[in-house]
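Subject: Structure handover

Hello,

Here is the structure we discussed. Please open it alongside these notes.

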Amino acid sequence: MALSRRQFVAYALASGVALEIGDVVVSPSSASAAAQVPPTLLAGQALTSSTVRLLWTAVAGADSYRVYRNDQLIAEQPGTLLEDTGLAATTTYRYEVTTVIGGVESARSAPVIVVTQQPDPASPPSAPTNLKASSITSSSVKLSWTKSTSVAKVTGYRILRGPVGAPLQNLVQIATTDGGTTYTASKLFANRAYQFAVRAVDVAGHVGPAATIVVTTSTTSDTSAPSAVSSSSVAVRRYSSSRLDVVWGSSSSSDVAGYQVYRNNVLVATVEEPLRKTYSDNGLAPSTSYTYRIAAVDSAGNVSALTTGRTLSTPAAGTVLVTRGPYVVQTDRTSARVLWWTNLPTPSTVDYGIGALTASVFDPTPRLQHAMLLGGLQPGTEYIYQVRSGNATLAGNRFTTAPAPGASFTFAAVGDYGGGSAQEANIANLIAASPAQFVQTLGDNVYPDAQDPDPERFYSDFDNRFYKQYGPAIRTRTLYPANGNKDYYGDGATARNLWSPNNQRWYSYEWGDLHVLVVDSEQPLGAGSPQRAFVNADLAAATTAWKVCVVHRPPYSSTSSSSSSTTVLTDLVPLLDQYRVTLCLSGNSHNYERSHPLRMGAIDPTGVTYVVSGGGGNGLNAFQATQPFWSAYREARYEYVQCSVSPTQLVLNAYSDTGVLFDSMTWTR
């Protein structure tokens with residue numbers, strides 16, 4: 001019986017015979033490769049002048065993935081995340097990824113083009129000079145110094161403290177200053193010799209050499225014990241089979257210099273002010289109960305009564321816990337990134353779908369911080385998802401993809417919030433209960449210094465002042481962060497945790513009829529700077545109905561005579577005028593203020609409205625300056641803003657930390 005052409009090809013391939021059909025050679029391996037599929041989406045971003053991060057969608061059944069840079073194979077790995085290092089600055093690279101199953105490689109994915117950043121200045125700031133101590137008491141000392149010089153902008157200074165003779169690396173950071181050259185160290189122990197150090201931090205990520213000084217506090221005759229810590233404020237949290245984290249509230253006494261931590265009635269640590277009221281207890285036994293009590297200690301060494309015991313058991317050895325998240329970042333119309341952290345390195349799985357969990361992506365690489373790219377999504381659609389790592393599953397999460405133009409939606413914005421206050425928690429809960437589809441931060445995401453040292457051993461401010469409060473909000477909506485000056489004290493921890501788009505400094509995105517430009521006020525904005533070129537090109541190309549700019553330092557703030565940023569006012573505001581931006585959102589001043597619409601510094605109904613929303617929870621700044629002509633409304637209160645957007649209307653509502661609507665403005669097209 002004669003075979004048809006299709007039957008003959010199938011028979012030959014099944015027999016392992018290569019065929020030549022016209023100009024094409026078809027072999028069993030090439031036929032299998034044609035059946036393989038590459039990742040549906042490859043995303044890339046330049047983290048620095050020499051590093052590009054690549055993330056791609058997982059393919060079911062993949063044994064490995066091959067990564068190509070400019071047509072050269074640079075890696076083969078089982079995971080879907082790669083950071084390509086050692087690259088040249090300001091250079092364009094083309095990346096593609098293939099899937100390998102059973103030794104057979106797929107076609108290449110659609111390419112992604114990434115341009116590395118310009119290099120930062122290489123020189124660190126100089127050491128501060130003329131470090132002096134004055135106004136020494138039994139519990140405080142005022143430090144002053146002459147400012148450092150630097151090629152890159154100095155954003156401020158780190159203040160460190162420790163015992164006399166300790167090497168610099170063993171001193172503990174107790175505070176940061178926002179560029180000022182004085183700091184009063186308080187809550188010290190009486191009659192104690194301290195070594196202080198001051199180091200400048202610049203916006204290029206450098207920490208300069210230290211100026212040091214030794215100070216001995218005076219004596220005191222105080223014999224009164226401080227007030228005890230509230231027992232209800234003490235909480236214990238599981239991290240792993242060998243670690244528990246203890247947190248507590250402040251004593252009401254003003255002279256407290258530290259807190260003693262007792263485990264099973266044995267003193268295990270003294271945490272000195274002004275450090276965090278947290279303690280990570282490492283080296284514990286699995287499946288074992290431990291009881292913790294806290295006592296306050298004042299400057300004279302008087303000790304309060306202990307709190308009642310708080311008991312918790314460590315989990316069994318090998319127990320996997322989701323310690324942070326999950327949370328969603330960089331969502332657009334057809335993709336989203338899901339992030340989460342675990343206590344042990346484990347593989348990553350995300351199950352997701354519309355109304356039901358109908359799809360999954362998997363990465364076998366054991367990680368502490370997990371990142372999975374979801375692609376091929378429907379615009380303007382709510383997805384549910386769950387994450388799985390080892391024996392841990394966290395379900396009940398959702399996010400909404402960015403809609404196409406024409407849809408109506410709401411988003412929330414909050415600034416200067418990561419201080420761990422009750423007001424921060426209230427605002428986070430209000431946002432979590434709101435209809436907001438995403439949260440745009442306005443900078444200063446974690447106080448006091450945005451550091452996240454060694455998450456495997458240390459319960460940091462990110463845990464205690466960000467993930468704890470905003471966990472419910474960012475499990476159910478996309479997070480878009482902006483850099484503030486405090487974020488530059490964290491050695492890049494904000495970028496590692498929050499995964500900003502583009503180069504993690506400035507970027508833009510679109511959501512329906514809204515175009516959001518996020519500017520970094522700590523980076524150069526003047527003529528010839530990379531950020532200015534980006535802002536100019538971005539706003540010129542934006543065609544959406546509404547343009548909103550986010551920049552941490554406000555160009556218009558009447559908190560004080562120096563609270564308006566002259567740099568932003570000079571270098572950014574003219575571009576916002578030129579490209580008809582509607583609204584500019586800022587933080588930095590810890591209060592709320594809305595301007596009249598302004599153009600070229602004058603009230604103009606077609607101009608830009610400037611809103612300061614820096615009352616997110618880390619204290620308040622009273623208004624010291626007389627209300628200027630351009631200020632339409634101002635109030636020093638804890639708050640956040642919520643914006644409702646449609647093709648024809650933009651409504652800004654300002655809510656207090658108790659949910660009270662106290663200011664509103666509407667723009668109509």
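**Salt bridges and burial**

R276 is buried, at a relative accessible area of 13% (buried means under 20%, exposed over 50%, partly exposed in between; 1.4 Å probe, protein chains only). This is a predicted model: local features need pLDDT of at least 70, side-chain atom pairs count only at pLDDT 80 or more, and totals for chains, interfaces and linings use all residues. Residues are numbered from 1 along each chain as its sequence is written, and side-chain values use heavy atoms, with hydrogens and water left out.

R276 forms a salt bridge with D449, and the closest N and O atoms are 2.9 Å apart. (A salt bridge is a side-chain nitrogen of Lys or Arg within 4 Å of a carboxyl oxygen of Asp or Glu.) D449 is buried too, at 2% relative accessibility. D449 sits in the loop between β31 (438–441) and α4, and R276 in the loop between β21 and β22 (278–282), so the pair ties together parts 173 residues apart in sequence. Helices (H or I, at least four residues) and strands (E, at least two) are DSSP runs, numbered from the N terminus.

The count comes to 30 salt bridges. Another one pairs E272 with R161, closest N and O atoms 3.4 Å apart. E272 is in strand β21 (266–272) and R161 in strand β13 (154–163), so this bridge joins parts 111 residues apart in sequence. R161 is buried at 6%; E272 is partly exposed at 21%. D71, R94, E96 and R108 form a salt-bridge network.

**Cores**

The largest nonpolar core has 32 residues. (Such a core is a set of buried Ala, Val, Leu, Ile, Met, Phe, Trp, Tyr and Cys residues joined through side-chain atoms within 4.5 Å.) V414, I431, F466 and Y470 have the most contacts inside it. Helix α4 (461–474) is one of the elements that supply at least two residues. A second, separate core has 31 residues, including Y93, L374, L377 and V387.

Beyond its neighbours within four places in sequence, F466 is in contact (heavy atoms within 4.5 Å) with residues including Y417, E424, L479 and L498.

Best wishes
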